[in-house]
Amino acid sequence: MKNYRVSRSIKKGVIYIFMIVFGLIAVVPVWILLINATRSTVQINSGLSIFPSVHAFHDFTDPVTGTVTKSNWYALTSRGFQIAQGFRNSLIISVLSTLFNVYFSALTAYAIHIYRFKGRKILWGLIMTLIMLPASLSFIGFYQFMAKLHLTNTYIPLIVPSIAAAGTVLFMKQYLESILSLELIEASRIDGAGEFMIFNKVVLPVIKPAIAAQAIFAFVASWNNFMTPFVLLSKTDMYTLPMLVQMLRGDIYRTEYGGIYLGIAISLVPIIIFYAFMSRFIISGLTMGSVKE
């Protein structure tokens, strides 16, 4: 019995060590990013630090900008970095694409799970095939197609294609198979509810945790997406926030590392807020819509 307890304690200790190591691997880069946002370019070039600058929030030698953080902000905003414009453009794209992604993916997964129609297995096999194909494989064809439709320099190709999210459909279908009761659907039909009403009023509350989880992934992917907007958008007033941050790496900004880090740190704020807002639905929705036997 004693040997069993010792062995169990050792296993728990090893697990805790791995958890701490992996946690540090995930947190340290973000922490260094935030720290560098409070340091000047000279301090950043001098070496790595895990502590904020001593002048981050106190008087700095520059009489115009004051603290180091204000100096970085001045370097960021005084050279054409339209942060409000970037936030607006990114929010429009990310919010709409996330809504399209989760709603239509859930609707597709629900249809495949509930209805028995001809070609159902073929459709599901096609979705599985799309998951295995890399997105870069069709990127050139996608751009040529959008150019022929004259949809470049618009947000349509950045929002509408999010409807076809094969990975989200797979996740939603697996979740529906594990939690959705067919008796609940039949009872709703007997009560006279239409199919769309059943989906919107009955099914969506049941799968709220899955929707919240996928919404977080979709929002983060859309917010951080740089390559697709970079290829499709050429008007600077339509640039997303990641594109504006990327512009800071040009020659004119090569010495303003403090401003660059501050711009990247600011771009993370909406992601953190969105995660904090949506994560509560993952827990609160677990018991909603359940059916008592």
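1. Start with helices α9 and α10: in this predicted model, α9 crosses α10 in a right-handed manner. The axes of α9 and α10 (residues 195-206) come within 10 Å, at a crossing angle of roughly 140°.

2. Next, look at the side of α9 that faces α10. L184, I185, S188 and R189 in α9 touch E195, I198, V202, V203 and V206 in α10. This contact between α9 and α10 is made up of 6 nonpolar, 1 polar and 2 charged residues.

3. Helix α9 (residues 182-190) also packs against α4 (residues 83-114), at an angle of about 95° and with the axes 12 Å apart. The two helices, α4 and α9, are therefore roughly perpendicular to each other. From α4 come Y110, H113 and I114, which meet L182, I185 and R189 of α9. Here the contact residues are 4 nonpolar, 1 polar and 1 charged.

4. Now to the pockets. The largest pocket holds about 1100 Å³ of space and has 35 lining residues, with A135, P161, S162, A164 and A165 nearest its centre. Helices that each give at least two residues to this lining include α4, α5 (120-132), α8 (166-179) and α11 (208-224). The lining of the largest pocket has 21 nonpolar and 14 polar residues, and no charged ones.

5. The second largest pocket has a volume of about 240 Å³. Among the residues lining the second largest pocket are V95, T98, L204, F219, F274 and M278. Two or more lining residues come from each of α4, α11 and α14 (257-284), and α4 gives the largest share, 5 residues. By class, the lining of the second largest pocket has 10 nonpolar residues, 1 polar residue and no charged residues.

Definitions and conventions: Residues are numbered from 1 along each chain as its sequence is written. This is a predicted model: local features need pLDDT of at least 70, side-chain atom pairs count only at pLDDT 80 or more; totals for chains, interfaces and linings use all residues. Side-chain values use heavy atoms; hydrogens and water are left out. Axes are lines fitted to C-alpha atoms, for helices over the stretch in contact, and angles run from 0 to 180 degrees between N-to-C directions. Helices (H or I, at least four residues) and strands (E, at least two) are DSSP runs, numbered from the N terminus. Angles under 35 degrees count as roughly parallel, over 145 as roughly antiparallel, 65 to 115 as roughly perpendicular and the rest as oblique. Contact means heavy atoms within 4.5 Å. Ala, Val, Leu, Ile, Met, Phe, Trp, Tyr, Cys and Pro count as nonpolar, Asp, Glu, Lys and Arg as charged, and the others, Gly among them, as polar. A crossing is left-handed if the near helix is turned anticlockwise from the far one by less than a right angle, and right-handed if clockwise. On a 1 Å grid over the protein atoms alone, a cavity is a set of points where a 1.4 Å probe fits but cannot get out, and a pocket is an open set with protein on both sides within 12 Å along at least five of seven lines; lining residues have an atom within 4 Å of a point. Grid points are joined across faces, edges and corners, and a volume is the space filled by probe spheres set on the points.
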